[in-house]
Amino acid sequence: MKDITIVPIFNQSVPGVWEDFAYICADTMRTNYNYKVDGAEITEAINKDRAKWRRGTHFAFGAYDDNEMIGYIQGDATGRCATIQSLYVLADYQKLHIGRRLLQQVERAATLFANRVELTALVKAEPFYRAHGYSNMYSNVYAKTLPNAPRCECLPVFKCAGAMTKQLIALSPDFDAAAINKEHLPAFAYFDVNSKIVGYAAGENIVISRGCGLSDIVRSSLVRNIAKVR
């Protein structure tokens, strides 16, 4: 086993991604809950993911051991709320804090478009979420208020809301928010110490603010991150 890498998955419709999601979920349900997911349920899960993908703005991160997905987190964004729908890690990897790393990645990325995260927790996962700052709202529904806007950080952009779009257009009048929100173009934004966007990468296009004293650092960070996407 090599070092586990966590990478954003911008285009979940790439062949094999939903199948990986379904396999990892089935493995977790069998191991943690002694519930065997049959072939029909796996097919139904894949079809549901495909249908959700067509309807809204989605985010996902995958945990990879070399090129094999061994865990993932997935959800969607409505208004100013990020809803985590799934967080699963293969049984053989569940003692390596991968779930924590996946959750933290989503929380940081979600600060770009949301002020809170909500989720419905399975019974055995409730202590995990409480340990990471989530409060029980009712039944098995949990929520967490997100931290302040990012500083000196390069983050994936899954959803481009109004205020962020204005900053990106100020950097480049040709910026197209629909390419991110609807076409799921891989994108990253770099935030300076004042939480202002000073550079972004969308696909192969990299734009950096004129006069930015950190231009070399910004470019290096954007290039490094865009190279990791799937």
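# A tour of charges, turns and cysteines

Select R116 to begin: its relative accessibility is 24%, so it counts as partly exposed. The structure on screen is a predicted model.

**Stop 1**

Is E118 buried, exposed or partly exposed? E118 counts as partly exposed, at 24% relative accessibility.

**Stop 2: helix 4**

Next, select residues 126–131, which make up helix 4. Show the side chains of E126 and R130. They are joined by a salt bridge in which the closest N and O atoms lie 3.8 Å apart. Within helix 4, R130 and E126 are four residues apart, which means that about one helical turn separates them. For R130 the relative accessibility is 45%, so R130 counts as partly exposed. E126, with a relative accessible area of 16%, is buried, because the cut-off for buried is under 20%.

**Stop 3: helix 2**

Move to helix 2, residues 39–55. Select E44 and K48 here. Their side chains meet in a salt bridge, with 3.5 Å from N to O. How many residues apart are K48 and E44 in helix 2? They are four residues apart, about one turn of the helix. E44 has a relative accessible area of 42% and is therefore partly exposed. The model has seven salt bridges by the distance rule, including the one between K48 and E44.

**Stop 4**

Now select N34. It is found in the loop that runs between helix 1 (17–33) and helix 2 (39–55). N34 is not a glycine, yet its phi is positive, at about 55 degrees. N34 has a relative accessible area of 70%, so it is exposed.

**Stop 5**

Go on to H97. Where is H97 placed? The residue sits in the loop between strand 4 (81–89) and helix 3 (98–110). H97 has a positive phi of about 65 degrees although it, too, is not a glycine.

**Stop 4: a patch of negative charge**

Select E19, D20, D66 and E68 together and show the surface. These residues gather there in a patch of negative charge. E19 belongs to helix 1. With a relative accessible area of 40%, E19 is partly exposed. A residue needs over 30% relative accessible area to be part of a patch, and E19 has 40%.

**Stop 5: two cysteines**

A disulfide is a covalent bond between the sulfur atoms of two cysteines. How many disulfides does the model have? The count is zero. C152 takes part in no disulfide; the cysteine sulfur nearest to it belongs to C212 and is 10 Å away. C212 is likewise in no disulfide, with the sulfur of C152 as its nearest cysteine sulfur, 10 Å away. Which of the two is buried? C212 is buried, with a relative accessible area of 15%, whereas C152 counts as partly exposed, at 47% relative accessibility.

Methods:
Residues are numbered from 1 along each chain as its sequence is written. This is a predicted model: local features need pLDDT of at least 70, side-chain atom pairs count only at pLDDT 80 or more; totals for chains, interfaces and linings use all residues. Side-chain values use heavy atoms; hydrogens and water are left out. A disulfide is a pair of cysteine sulfur atoms within 2.5 Å. Buried means under 20% relative accessible area, exposed over 50%, partly exposed in between (1.4 Å probe, protein chains only). Helices (H or I, at least four residues) and strands (E, at least two) are DSSP runs, numbered from the N terminus. Patches are made of residues with over 30% relative accessible area and no salt bridge: like charges are joined within 9 Å, nonpolar side chains (Val, Leu, Ile, Met, Phe, Trp, Tyr) within 5 Å. Accessible areas come from the Shrake-Rupley method with a 1.4 Å probe; for residues, only the protein chains shown count as cover. A salt bridge is a side-chain nitrogen of Lys or Arg within 4 Å of a carboxyl oxygen of Asp or Glu. Lys and Arg count as positive and Asp and Glu as negative; His and the chain ends are not counted. The place of a charge is taken as NZ of Lys, CZ of Arg, CG of Asp or CD of Glu.
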